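Subject: Structure for you to look at

Dear colleague,

I am passing on the structure we talked about, and below it you will find my notes on what I found. Please read them with the coordinates open beside you.

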Amino acid sequence: MIALDKVSISIEEGEIFGLLGPNGAGKTTLIKILSTLLLPTSGEAYVGGFNVAKEPNKVRRIISLVSGGETPGYGILSVEENLWFFSQLYGLSSSAAKEEIKRLAEDLDFKEYAKTRMSKLSTGYKQRLNFARGLLSNPRILFLDEPTLGLDVLTSKKLRGYIVDWAKRERKGTVLLTTHYMAEADEMCDRVAIIDRGKILVCDSPLRLKENLRANVIMKVEVSSVQADFGFMEKLVGVVGYSQTRSIQTDTTTLKVMVRDETVFSKIMSQLEEQKLKILSANKAEPTLEDVYISLVGRGLEEAEATTDA
Amino acid sequence: MLEQLALNLKAAYARLWVRVKGGNREPEWLIAELIIPVITLSTYVYLYKMVKAPPEYASFVIIGGTMLAFWSNVLWNMSAQFYWEKETGILEVYFVAPISRMAILLGMALGGMVNTTLRAVAILVAGTLIFQVPMVMNEPLTALLIFFLTIAALYALGMMFASLFMLYGREAWHTANLLQEPIQFLSGTYFPMTGTVVPFMVQLLSSLIPLTFGLDGIRRVAILGQGITDVWMNIVALVIFILILLPLAKFALNYMENLGKKEGRLTLRWQ
């Protein structure tokens with residue numbers, strides 16, 4: 001199995017770059033190669049000008065990696081003890097480390113938990129600690145691998161905002177973010193690359209990627225059954241792609257479809273009526289990065305993940 | 001170069017601190033460390049007394065038990081620790097940091113030595129006060145020299161094992177389990193290897209383990225009252241072990257790390 005296939009990207013200093021794609025697309029493989037945890041079978045990768053395979057220690061001095069859903073330290077130690085320990089792996093003096101821990105605890109709102117054992121923290125606070133660990137050493141380049149995985153909306157927003165501030169105002173650091181949350185990439189990134197089955201499909205700013213879809217029409221239709229069958233769209237000429245979200249709680253399916261012109265859309269509506277599905281709403285939608293993905297792959301991210309998992 | 005050395009020493013100290021701090025937070029380990037080994041040794045001491053073996057045999061057991069505590073520390077508190085760190089995701093953090101893997105292992109080992117030393121002292125105290133085993137030590141410095149050389153050789157061996165735990169996780173765990181009893185037997189933890197009924201081939205095999213030379217040397221100095229002129233062969237053997245095992249450990253760690261990076265298994269959990 002090829003995890004990454006002829007991937008070629010260049011990230012500017014001070015840029016927040018997003019790598020978007022479903023689970024199993026190759027995002028983590030790429031970030032592991034760049035953070036010296038994996039060796040590529042062919043090709044070369046440079047981080048901060050250093051070859052990741054030949055000069056790993058030079059790379060390690062300027063990078064930091066924060067992964068989502070990870071244990072950020074030793075459960076038996078308190079938050080500040082864990083952070084002090086990690087600061088020592090980068091050679092910080094104890095006094096500098098303590099200052100930095102204090103500042104990060106205030107910035108990331110975990111000051112009140114500084115003396116709490118890590119094992120007693122909630123998932124959200126554990127991830128704040130994980131972020132603090134990643135930022136402690138003042139890295140030039142920060143790798144974020146699905147950093148908001150499993151977090152609530154407020155914590156995710158807080159951490160996203162903090163990283164943008166860190167990269168743009170405070171530090172001018174470079175960030176490589178992998179995510180399968182399209183909104184996250186849209187909100188944070190200067191540029192994004194969409195990756196699927198190990199290949200980079202497109203790379204540009206979120207704005208330009210969405211602008212390129214203006215020629216198409218995107219519609220969102222909500223129908224009153226969780227068992228609606230949209231298979232007919234595979235054969236309809238003029239359908240660029242579609243995604244569907246089923247809700248068992250409300251027994252509804254939301255279909256997002258991208259078509260070449262509105263006449264195709266009326267054909268879709270009549271097909272849905274033939275299935276005797278009650279159409280609850282139908283609205284035109286603004287293009288999102290998910291639509292960019294649909295236009296390239298022909299299916300939504302959830303469908304792509306279901307295919308990969310199968 | 002000096003900068004890197006200072007960084008590695010800081011990392012080793014920090015890892016040592018984690019072990020000591022963590023240990024202090026859960027003092028229950030003291031019971032296991034202090035009482036269980038003494039009970040195990042009592043079995044052997046009483047057995048030797050029952051069969052009317054020379055009193056030195058009981059002393060052999062005490063020294064054997066003391067040194068075994070250090071070997072167990074190497075194997076389970078240092079080598080196997082890489083397996084746990086991998087499963088909890090912390091190994092990834094170590095491997096992204098600009099530090100030597102040996103520094104982390106050194107920190108783990110030294111941190112574990114605090115607990116181990118307590119265990120060793122408990123065994124020695126129990127041996128001398130409860131069982132009144134005879135000790136005749138004329139050259140304590142020679143005993144100390146052999147002790148430190150043995151510890152260094154054991155840690156180098158432990159670092160090699162750590163490279164296995166790093167990549168093979170559970171399989172390495174089973175292998176280490178499998179090796180524990182034979183190593184205890186071959187090194188003569190509870191009885192002397194030389195000058196006994198132990199077959200020659202087994203004695204030859206035992207010479208491949210640094211613990212055998214360490215135990216033999218310390219026993220001769222601490223129990224039989226011998227001096228450096230009698231145990232110089234043990235010292236030379238231990239130095240040779242260190243000179244071979246340390247570079248081998250460094251090579252093994254690098255080799256396994258690279259293999260793990262090539263095969264994508266370095267930080268892959270639940271293998």
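Two strands are taken as paired if DSSP finds at least two bridges between them, and that is the sense of pairing used in what follows. Please keep in mind throughout that this is a predicted model.

β10(A) and β11(A) make up a hairpin that has four residues between its strands, and in the turn Asp251(A) has a positive phi of about 50°.

Chain A also holds an open sheet of six strands with mixed pairing, whose order is β4-β5-β6-β1-β7-β8. Its edges are β4 and β8 (199-204) of chain A, each of which pairs on one side only, and neighbouring strands are turned against each other by 15° on average, with direction ignored. Within this sheet, strand β5 (residues 141-145) of chain A and strand β6 (residues 174-179) of chain A run parallel and are joined by five bridges; Leu144(A) finds its bridge partner in Leu177(A) of β6(A).

Two helices that pack on this sheet deserve a look. Helix α1 (residues 27-34) of chain A touches β1 (16-20), β5, β6 and β7 (191-196) of chain A, and its direction makes about 150° with that of β6(A). Helix α5 (residues 123-136) of chain A, for its part, touches β4 and β5 of chain A, and its direction makes about 170° with that of β4(A).

α5(A) also packs against another helix, α3(A), at an angle of about 30° and with the axes 9 Å apart. Since angles under 35 degrees count as roughly parallel, α3(A) and α5(A) are therefore roughly parallel to each other, and their crossing is right-handed. On the α3(A) side the contact is made by Val79(A), Asn82(A), Leu83(A), Phe86(A) and Ser87(A), and on the α5(A) side by Leu129(A), Ala132(A), Arg133(A) and Leu136(A); by class, these residues are six nonpolar, two polar and one charged.

Turning to chain B, the secondary structure consists of eleven helices and zero strands. The radius of gyration of chain B is 19 Å, close to the 18 Å that the globule rule gives for 271 residues, so chain B is as compact as a globular protein of that length. The C-alpha trace of chain B spans about 60 × 40 × 35 Å along its principal axes.

Which helix pairs of chain B did I follow up? One of them is helix α2 (residues 29-50) with helix α6 (residues 101-130) of chain B, whose axes come within 9 Å and cross at roughly 40°, the crossing being right-handed. Here Trp29(B), Glu33(B), Leu34(B), Pro37(B), Val38(B) and Leu41(B) of α2(B) meet Asn115(B), Leu118(B), Arg119(B), Ala122(B), Ile123(B) and Ala126(B) of α6(B), and the residues of this contact divide into nine nonpolar, one polar and two charged.

Another is helix α10 (residues 210-222) with helix α11 (residues 228-263) of chain B, whose axes come within 9 Å and cross at roughly 150°; α10(B) and α11(B) are therefore roughly antiparallel to each other, and their crossing is left-handed. Among the residues that meet are Phe213(B), Arg220(B) and Val221(B) from α10(B), and Val231(B), Leu238(B) and Phe241(B) from α11(B), and the contact as a whole has eight nonpolar, three polar and three charged residues.

Finally, the contact between the chains takes 22 residues from chain A and 25 residues from chain B. On the side of chain A that touches chain B, α2 (56-62), β4 (63-67) and α3 (79-88) of chain A each supply at least two residues, and α3(A) gives the most, with four. The residues on this side of chain A divide into twelve nonpolar, six polar and four charged.

With best wishes

Note on methods: Residues are numbered from 1 along each chain as its sequence is written. Chains are lettered from A and ligands numbered from 1 in the order in which they are written. This is a predicted model: local features need pLDDT of at least 70, side-chain atom pairs count only at pLDDT 80 or more; totals for chains, interfaces and linings use all residues. Two residues are in contact if their C-beta atoms, placed from the backbone, lie within 7 Å. Ala, Val, Leu, Ile, Met, Phe, Trp, Tyr, Cys and Pro count as nonpolar, Asp, Glu, Lys and Arg as charged, and the others, Gly among them, as polar. Axes are lines fitted to C-alpha atoms, for helices over the stretch in contact, and angles run from 0 to 180 degrees between N-to-C directions. Angles under 35 degrees count as roughly parallel, over 145 as roughly antiparallel, 65 to 115 as roughly perpendicular and the rest as oblique. A crossing is left-handed if the near helix is turned anticlockwise from the far one by less than a right angle, and right-handed if clockwise. The radius of gyration is taken over C-alpha atoms; the globule rule is 2.2 Å times the number of residues to the power 0.38.
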